[in-house]
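This report describes one protein model for a reader who is new to structures. Please look at the sequence and the model below before reading on.

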Amino acid sequence: MMDWTDRHCRYFLRGFSPDLLLYTEMITAAAIVRGDRDRLLAFDAEEHPVALQLGGSDPRELALAARAGEAAGYDEINLNCGCPSDRVASGSFGACLMLEPDLVGACVAAMTDAVSIPVTVKMRIGVITARAREAAAAVASFGEEDFAKLRGFVATVASAGCQVAIVHARQAVLGGLSPKDNREVPPLRHEVVRRLKQEFPHLPVIVNGGLRDSAAVAQALTWCDGAMLGREAYHRPYLLAELQRLLDPQGALAPSREELLARMAAYAQREMAAGTRLSAITRHMLGLYSGQPGAREYRRTLSEGARAADAGPQLLHQAVPHQAARGGAL
């Protein structure tokens, strides 16, 4: 979710549910330690609860970055060992770290010693190094040896202090598939994550990958401790409101899309006064009316209008589709 779940995106998503745990895009520990820490770690208080996801493989740097994250007010520190991007692997972080469990264990231990908030790890069910033409064959099966490696990795990070294992139920293919193909070519194996939970009954296990609707999430929650949504929540964010209602049926009614737009208009007013471009905010909001009458009209109004020189927060009110404005389905 790099370049996706920035602070504007997270503020938007918070409007759908007061309870879900939000995650930052992956930020490298080196950038926090050596760069503009205040800018990188900035977030709105309304985002809570929010986790800082770190990338890196140097225990000392990760400990310093984790400490900075705790000082900034984050509720959790998450180490990314799941991103299959080549540019990530070239920096010795992401999914390639699953090939070095002892190093990851040292990183987790260093972060755990540095902070008092939970330290968690995001991972895949395994990692394969293969050329593109061999990738399909390489991911065709998942045997006992593969599971033993996954179990060993989880055991190592758990003993080092990892409090939650977040598992994307696909293998990662390094060097042979693009990040997009890594989300589609390796088959989903939720049964592997389910077996992993059985192996570690006292370790919270969160499943990620292929959860498209509230029914799929509800089914997953019958055997795991939580579900993580990525692109589905980004492209169809109202799913989060549906899940909030599913998990808390006696709670407040889900906000209407128009109420969410009003909330974001007020946010845009504050942010633009501080120098933020409107398009930096609205680019995350294009999925609000996904599947609803007027969705195309809404996306066009928002995406084209935000580029205008005189664009302001009023654009968000203007973007309400005519069908919704007449009282159509929300």
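## Arg10 in helix H1

Arg10 lies in helix H1, which covers residues 7-14. Helices here are DSSP runs of H or I with at least four residues, strands are runs of E with at least two, and both are numbered from the N terminus. The model is a predicted one, in which local features need pLDDT of at least 70 and side-chain atom pairs count only at pLDDT 80 or more, while totals for chains, interfaces and linings use all residues. Residues are numbered from 1 along each chain as its sequence is written, and side-chain values use heavy atoms, with hydrogens and water left out.

Is Arg10 buried or exposed? Arg10 counts as buried because its relative accessibility is 4%. The cut-offs are under 20% relative accessible area for buried, over 50% for exposed, and in between for partly exposed, with a 1.4 Å probe and protein chains only. Leaving aside residues up to four places away in sequence, Arg10 touches Thr5, Leu22, Tyr23, Thr24, Glu25, Ala42, Phe43, Glu47, Val50 and Tyr74. A contact means heavy atoms within 4.5 Å.

## The whole protein

The protein has 18 helices and eight strands. Its C-alpha atoms fill a box of roughly 60 × 45 × 40 Å, taken along the principal axes. A compact globule of 330 residues would have a radius of gyration near 20 Å, and the protein agrees with this because its own value is 20 Å. The radius is taken over C-alpha atoms, and the globule rule is 2.2 Å times the number of residues to the power 0.38.

Of the 330 residues, 51% are buried. Among contacts between residues at least 6 apart in sequence, 72% join residues at least 24 apart.

## Helices H4 and H6

Helix H4 (residues 59-72) packs against helix H6 (residues 101-114) at an angle of about 35°, and the two axes are 8 Å apart. The axes are lines fitted to C-alpha atoms, for helices over the stretch in contact, and angles run from 0 to 180 degrees between N-to-C directions. Which residues of H4 and H6 make the contact? On H4 they are Pro59, Leu62, Ala63, Ala66, Arg67 and Glu70, and on H6 they are Leu103, Ala106, Cys107, Ala110, Met111 and Ala114.

By class, the residues of this contact are ten nonpolar, no polar and two charged. Ala, Val, Leu, Ile, Met, Phe, Trp, Tyr, Cys and Pro count as nonpolar, Asp, Glu, Lys and Arg as charged, and the others, Gly among them, as polar.

## Cysteines

The structure holds zero disulfides, a disulfide being a pair of cysteine sulfur atoms within 2.5 Å. Cys81 is in no disulfide, and the nearest cysteine sulfur, that of Cys107, is 7.7 Å away. Cys107 is likewise in no disulfide, with the sulfur of Cys81 as its nearest cysteine sulfur.

Cys81 counts as buried because its relative accessibility is 0%. Cys107 is also buried, with a relative accessible area of 1%.

Tyr298 is found in helix H16 (residues 295-305) and counts as buried at 0% relative accessibility. Not counting residues up to four places away in sequence, Tyr298 touches Leu261, Met285, Leu286, Leu288, Tyr289, Ala319 and Pro321.

Glu134 has its place in helix H7 (residues 132-138). At 33% relative accessibility, Glu134 counts as partly exposed.
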